[in-house]
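Hi,

Here is the model I promised to send over. Have a look at it first, and then read on for what turned up in it.

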Amino acid sequence: MAHQSAEVHTDGKTNMPASAEGQPSADADAVIVKQRPGIVIAVFIATVAVFVAVFKFPPILDYPNHYARMWLLAGGIHTPPFQQIYTIDWNRSFTNVGIDLLAYWLGPLIGVSLLARSLLFLAIVLPPLGAIALHRRLHAGSYYWQIAILYFAWCATLIGGFINFQIGLGMALLFATADHALQSRNWLSLFAWRLLAGLLLTVMHIFSLGFYVALVCGLEFSPTLAALRSPRDFLRLCGRLVVAMVACALPAICLFLYQPVLPNGGDGGLGASWNDNPVLILSNLMSAIWSYTLLADMLLLIPIALICSNAMRTRRLTLHAGLAVTAVGLLLLACVSPRHVLGTGWISWRFPIMAALAAMIMICPLPRLSRKQAFSVLAVLTVVTLGRTAWIGFNWWEADSEVTDVRTVLAAVPQGSAILPVTMQSKDGPRIADPRYFAWSQDTFRHLPTLAVPYAHSFVPTVFTAKGKQPLGVLPPWSDIAVPEGNLFSISVLDCPHEIEGISGFTPYLLHWRQRFDFILLVNADVEDRFGGTIPGGVTSVAETPFAKLYAIDKTFAPSADAPPPKSCAAFAAENH
C-alpha cells in the first residue's frame, strides 16, 4: 500500500494521512510539522524581565559603575558635593555614549533605576532577538534552531557589563535585517538607510558599527558562492561592498573629524597586550559562552552541538555562504586582535560573540521535522536555554546579599565623604560555582563601591570617566585622586608606602591616602586575603557586614617610622614587580 503524502500549508495546518476507517494512521508521526519557537522565546524574555526587576544590581561587573555615572548624568551631578567634583563634556567622545545620552535625556523623566534596568534588559535580550530576526529573514520562517540562539544571550561581554556594546550588537543585527529587506529596493534608499544605521551604531558603540559592516558585507555576498563564478560578478560584488562600507563608515569618519579624540592609557601609546599563545587564544574564544562557571556553560552547549552535528551527518542543514564568510572573518579577528589597547580592556572579547552569533544565523539545522523529531528538538533546546537562564538567575540570587551588605555599610557614610575602596584578594581563588567571579577569575564585585555616589552622595575614585569613552570628567583637585577606570587592591597594601609608590602611575589615589580619604570601604571581606589582609593602623570600624566593612580614617595618625614593614608588603612586591 502506497503512503499518502503530507501537505503543509502556510497557515500551519497539516493534512494528515488517514486510514480507511478515518482514523490517523501510524504515518502521522512522519508528517512534517510547522515549527513554532515563539512560546519559548516569549518565556525567555519574560524570565529575563523578572530577573532584572527582582535583582537591582546583579553580579554584572561594570553595571554598578554605569549606574553611578548615569545617576550623575541624569541630574545627580547637581547634588552636593558633586558640582565641585564632576563635569559633563560631550566633546570628550564621539562613540560609546549611547546609554549616557539616554541617561541625560530620559533619566530625569523616568528615573535612573527604571532606565538602568531597562538598558540591562536590552543588553541581555537584544543580541539574541536580533539574531533570531535575521535568521527568520534569511531562512524564510520560524525554526526551533532559533531557540538555540538564546543560549548566546549569556557571554563574557554581558557578564562583564559591556552595556553599550551588547545593545549595539542587537541594534546591528536588527539593522542588518532591515538592510536585507531594503536590498531589493533602489540603491539610494539603501544608501540613506546605511548612513542612518552607521550614525546610530557609532554613537552607541564603535564595535557595533564594525559588526554591522561585517553583516552587511556577508548579506551582499549572497547565500551562495555564485558571485565567485565569473570575474564580472566578482567585480560587481566588490563594487557593492565598497559602496556599503563607505555608507556605513561615513558617519563615524565625520564624527571623528569633528571630535578627534580616542581613548588612551595615559601615556600616549597604544598600550597593547596580546593573546600570544594557543591557550590564551582558546580561552579568548570561550568568552562567547563564558558566564560564571565555564563547566556549566560547556555542558549546556553539548546538546546544541549534537543537534548541529546530526543535521550535518544527515545532510539536513542549510547554509548562507555570505554569512559563513562573515563568521570566519570574525573568528580570525578574535584570534589576532589585542587583549587590551588604547586604555580599553578586553578588546579581543568582542569578536568571539560576534562570530558565534553570525555562525548561528548562517545555518539552519533540521528545517523539516516530523512530529516526534520536533517534540524532541523542542524539548532539548527548551531545557538548554531556559535551564541556562535559570542557572544565571540562581547566581544572581546568591550574589544579591553582597549588594545588600554594601548598601548597609554605605548608610553610615556622611554625605560629601571621600571613600577609598579596597578588597580582600582571595587566597584560594574562586570556588567552582561562585558568582563573585567569571571568565579568567575576573571579579564581578569590583565596582560595587561606586554605589557610594548615588546612595551615600560621596566620592569614589573609580567612577568611569575615560576620555574617548565617557562624557563625564573630574574637576581638580579631585582629578588628582581619580582614575578613569580602576581595579581594587588588597587592603594589605595600605601599610606599604614603597609598594604604593611603585603602582602610583595607575593608582595615584593610594598616595597619602590617610589625608585624602575619610573612609575605607572593604569588600569581599569574608575571605582570607592572600597577602594577609592586615587592617592598617589608625582606622576605626564603623559598620560591618559579612561581605563589606567600613572603617573611618584617623587623619592625625602617624605610623611609627621605626616599625618594620608588614610581611604583606614583601608578598605584594614579589607578585606585582
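W440 counts as partly exposed, because its relative accessibility is 24% and that class starts where buried, under 20%, ends. You'll find W440 in the loop between strand 9 (437-438) and strand 10 (442-443). Do keep in mind that this is a predicted model.

N96 is another residue to look at. Its phi is near 65 degrees, again a positive value in a residue other than glycine. N96 sits in the loop between strand 3 and helix 3 (98-110). Is N96 buried or exposed? It is buried, with a relative accessible area of 13%.

Then there are the prolines. P80 and P81 are joined by a cis peptide bond, with omega at about 5 degrees. P81 belongs to the loop that runs between helix 2 (63-73) and strand 3 (86-88). The peptide bond from P476 to P477 is cis too, and there omega is near 0 degrees. For P477, look in the loop between strand 11 (472-474) and helix 17 (497-502).

As background for these spots, most residues other than glycine have a negative phi, and most peptide bonds are trans.

Now for the helices. Helix 7 (residues 163-182) packs against helix 9 (residues 206-221) at an angle of about 25 degrees, and their axes are 8 Å apart. That angle makes the two helices, helix 7 and helix 9, roughly parallel, since the cut-off for that label is under 35 degrees. Their crossing is right-handed.

Which residues of helix 7 meet helix 9? They are F165, G168, L169, A172, L173, F175, A176, D179 and H180. On the helix 9 side, the partners are F207, S208, F211, Y212, L215, V216 and L219. By type, the residues of this contact divide into 12 nonpolar, 3 polar and 1 charged.

If you are wondering about the spacing in those lists, an α-helix has 3.6 residues a turn, so residues three or four places apart point the same way.

Cheers

Terms used: Residues numbered from 1 in each chain as written. Predicted model: local features only at pLDDT ≥ 70, side-chain atom pairs only at ≥ 80, totals over all residues. Heavy atoms only, no water. Axes fitted to C-alpha atoms, helices over the stretch in contact; angles between N-to-C directions. Helix = DSSP H or I, 4+ residues; strand = E, 2+ residues; numbered from the N terminus. Parallel < 35°, antiparallel > 145°, perpendicular 65-115°, else oblique. Left-handed = near helix turned anticlockwise from the far one by under 90°. Contact = heavy atoms within 4.5 Å. Nonpolar A, V, L, I, M, F, W, Y, C, P; charged D, E, K, R; others polar. Buried < 20%, exposed > 50% of the residue type's maximum accessible area, 1.4 Å probe, protein only.
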